[in-house]
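Student: I am new to this structure. Can we go through it step by step?
Tutor: Here it is.

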Amino acid sequence: MTHQTTCCYCGVGCGVVVKQATGGQLSVEGDTQHPSNRGMLCSKGMNLNYTVMDQSDRLLYPQMRFSRDRPMQRVSWDAALERTAAVFKTFIQKYGPDSVAFYVSGQCLTEEYYLVSKLIKGFIGSNNIDTNSRLCMSSAVVGYKLSLGEDAVPVCYDDIEEADLFYVQGANPAWCHPIIWRRIEAHKAANPQVRIICVDPRRTDTARSADLHLPIRPGTDIVLNHAIARELIDGGMIDASFVADHTDGFTALRDVVRLRTVDEAADICGIDADAIRQTAAWISQSKGFLSLWTMGMNQSVVGVNKNLSLINLHLLTGRIGTPGNGPFSLTGQPNAMGGREVGGLANALPAHRDVTNAAHRAEMEAFWNSPVPIAPKPGLTATELVDALNNDTLKAIWIINTNPAVSMPDVNSTEKALKNARFVVVQDISARADTVAFADVVLPAAGWLEKEGTMTNAERRITYLPKVLDVPGEALPDVEIIWRFAQKMGFGDAFTYPNAEAVYAEYARSTANTNVDVTGVTYALLKEKRSIQWPYSLADTESLGTSRLFTDHTFYTPNKRAQLHAVPDENASEPTDADFPLVLTTGRVRDQWHTMTKTGRVAKLNQHAPLPRLQLHPDDARARAIRDGQLVTITGRRGQVRVTAELSEDIRPGLCFLPMHWGRALAGNPDSSTLGRANNLTNALIDPRSKEPDFKFTAVEVLPY
Ligand code: SF4
């Protein structure tokens with residue numbers, strides 16, 4: 001048997017062909033018919049079959065305990081969901097609807113996200129649902145909304161082959177979005193005039209392939225982008241008619257970028273001023289200017305401003321809405337975008353409606369026939385959920401397919417919050433997830449290939465994922481867990497569905513006449529066409545969707561003009577000082593995914609980086625008498641990590657890098673089970689608008705152990 005599906009790891013959203021031998025053996029290969037990856041898979045995708053076949057850590061049955069000092073007991077689904085419903089109802093009655101919350105994941109399918117959002121916003125009456133996409137893409141979301149009027153990635157992967165300049169800022173796609181990177185590499189190999197600029201304080205594999213590497217000081221991205229903007233403006237390299245006809249805010253932006261000379265900016269960024277001038281010249285000379293970015297821009301206390309400063313470069317030069325041109329945020333997770341579409345963020349409602357907009361609330365209340373009004377204020381975001389558990393304003397949290405006990409900033413505070421919570425439900429596939437240890441109720445979920453649904457990848461491409469395998473034990477698809485729970489809460493009339501397809505059909509109806517219109521998308525059409533890019537209304541059913549947005553330079557803002565933003569260029573991260581003089585940045589290694597609950601099962605993937613290692617510049621090591629391979633202690637204001645040092649000139653002096661994947665279960669540290677956990681160190685500072693944490697900038701000291 002052969003099945004076409006989509007990889008469950010990153011936002012590239014590669015098509016995968018799964019082959020099932022008569023003995024049940026699975027093999028995977030890239031889907032040559034899928035437009036996103038054209039048959040290619042990276043190391044993680046190529047090993048998906050091993051991830052699925054190792055069932056040793058699967059959660060198989062609902063479990064429950066009545067107090068934290070008692071062991072978990074296997075219970076029936078009815079018992080687990082009835083107790084959870086009773087606890088939720090009690091808290092809601094006693095403390096109000098905001099006393100409960102859901103924390104979900106970019107790994108969830110669109111239907112799952114939609115149902116949880118509908119349940120809490122439309123039926124419980126709280127907006128307390130947030131997703132781990134908050135830790136990943138929320139700065140890009142706000143950046144797009146403020147500049148283009150909508151959380152809408154304007155470009156598509158086919159723009160790669162149309163571009164001749166790639167400006168990669170705060171991203172390492174060679175490791176983290178490998179199939180996109182392979183398309184760029186192949187395009188450059190075939191077209192030597194294609195240029196790549198990489199902005200990263202580390203010389204990553206992406207930087208090594210670049211024609212120009214700008215190893216800026218951490219936190220100076222806005223200074224750099226403003227200097228490029230100044231060079232473009234003062235050098236007469238902007239598209240003045242595009243700026244006049246399609247944008248607002250030019251004068252304010254011009255005045256702000258002229259506050260520093262290019263030489264002053266270069267000094268602040270710690271790079272050569274000629275490199276800034278060269279970047280501006282290459283942008284001006286290019287026919288297709290594509291910018292790519294991820295966490296180096298988004299995971300910042302000034303993440304929104306960073307995004308706006310980059311989008312400014314496209315608007316100044318009119319490089320948007322035409323082939324090969326546009327800003328392209330590389331989505332981290334496979335369905336982060338799908339989750340945003342259905343209202344998975346604490347401030348959103350389906351089809352990018354906003355909870356603070358009375359008309360949007362009224363539309364969804366009518367659509368859902370809600371028994372309670374939708375709350376007018378945004379719910380708690382990821383780090384705010386932790387704070388609310390710690391101060392006891394939030395009583396119960398239900399965590400779905402994510403592992404905050406490893407992935408949250410200042411993770412010791414998250415552990416404290418989960419211990420402090422009155423009631424914790426964890427819904428997951430794996431007992432490896434550290435968060436399971438904090439649960440009062442554990443619900444076993446179906447995994448990849450064990451349920452059907454849809455996802456949206458980084459280029460707005462919706463694909464259908466079929467159910468291929470039976471679930472192990474008593475695990476259930478996440479949609480079914482949610483609708484069964486909603487029925488126990490007394491909302492049966494609105495949560496009775498025959499299948500996931502019916503959930504999708506309801507969501508699609510809710511998008512009518514919005515910018516995210518997918519009223520033309522059905523499971524049948526997705527099976528026939530394989531994938532569709534939104535928007536895709538009933539009028540579009542002959543096409544494969546909308547590959548590129550803003551082709552007529554009409555934007556989604558109220559006056560249809562894009563907005564240039566004169567943002568300040570200061571960083572507001574945790575300061576370094578004599579006690580903590582180094583900056584720590586965290587990120588991924590090539591072959592692991594998030595907290596390793598899936599990729600950690602695969603021996604081949606573990607070989608690339610068996611343990612976390614601290615990348616440190618030899619000058620910083622010498623000043624501290626640290627040798628390559630030596631065990632070191634990294635100390636910050638919130639905790640410690642103890643790992644081996646790896647000395648490398650590929651990182652700027654003053655900066656060190658630690659992978660974010662390892663948690664308690666997989667720390668592999670000789671001294672303590674949490675001492676490889678990077679988030680012992682990171683801080684919970686957040687961007688004031690996107691509420692995304694500042695994972696890339698933590699003040700630390702490193703000393704020999
Ligand atoms: Fe999966 Fe991303 Fe690799 Fe594609 S690039 S195979 S989606 S992990």
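Tutor: This is a predicted model. Start just after helix H12, where Gly270 has a positive phi of about 75°.

Student: Which residues of H12 (residues 262-269) are buried?
Tutor: Ala265, Ala266 and Cys269. A residue is called buried if 20 or more other C-beta atoms lie within 10 Å of its own.

Student: What puts these residues on the same side of H12?
Tutor: Their arc around the axis is only 100°, so they share one side of H12.

Student: What covers the buried residues of H12?
Tutor: The cover includes helix H9 (221-234) and helix H13 (273-285).

Student: Why is helix H5 (residues 138-148) called largely enclosed?
Tutor: Of its 11 residues, 10 are buried, so the rest of the structure largely encloses H5. Among them are Ser138, Val141, Tyr144 and Lys145.

Student: Which elements do the buried residues of H5 pack against?
Tutor: They pack against helices H14 (295-298), H15 (303-317) and H16 (336-341), and against strands E13 (326-329) and E22 (562-563). Two residues are in contact if their C-beta atoms lie within 7 Å. Just after H5, Gly149 takes a positive phi of about 90°.

Student: Which residues come nearest to the ligand?
Tutor: Cys7, Cys10, Cys14, Cys42 and Gly45, out of 13 residues around the ligand. Helix H1 (43-46) and helix H7 (178-190) each give two or more residues to this shell.

Student: How many residues of each class does the shell have?
Tutor: The shell has 9 nonpolar, 3 polar and 1 charged. Cys counts as nonpolar and Gly as polar.

Methods: Residues numbered from 1 in each chain as written. Predicted model: local features only at pLDDT ≥ 70, side-chain atom pairs only at ≥ 80, totals over all residues. Near = placed C-beta within 6 Å. Helix = DSSP H or I, 4+ residues; strand = E, 2+ residues; numbered from the N terminus. Buried ≥ 20, exposed ≤ 12 C-beta atoms within 10 Å, placed from the backbone. Arc of directions from axis to C-beta.
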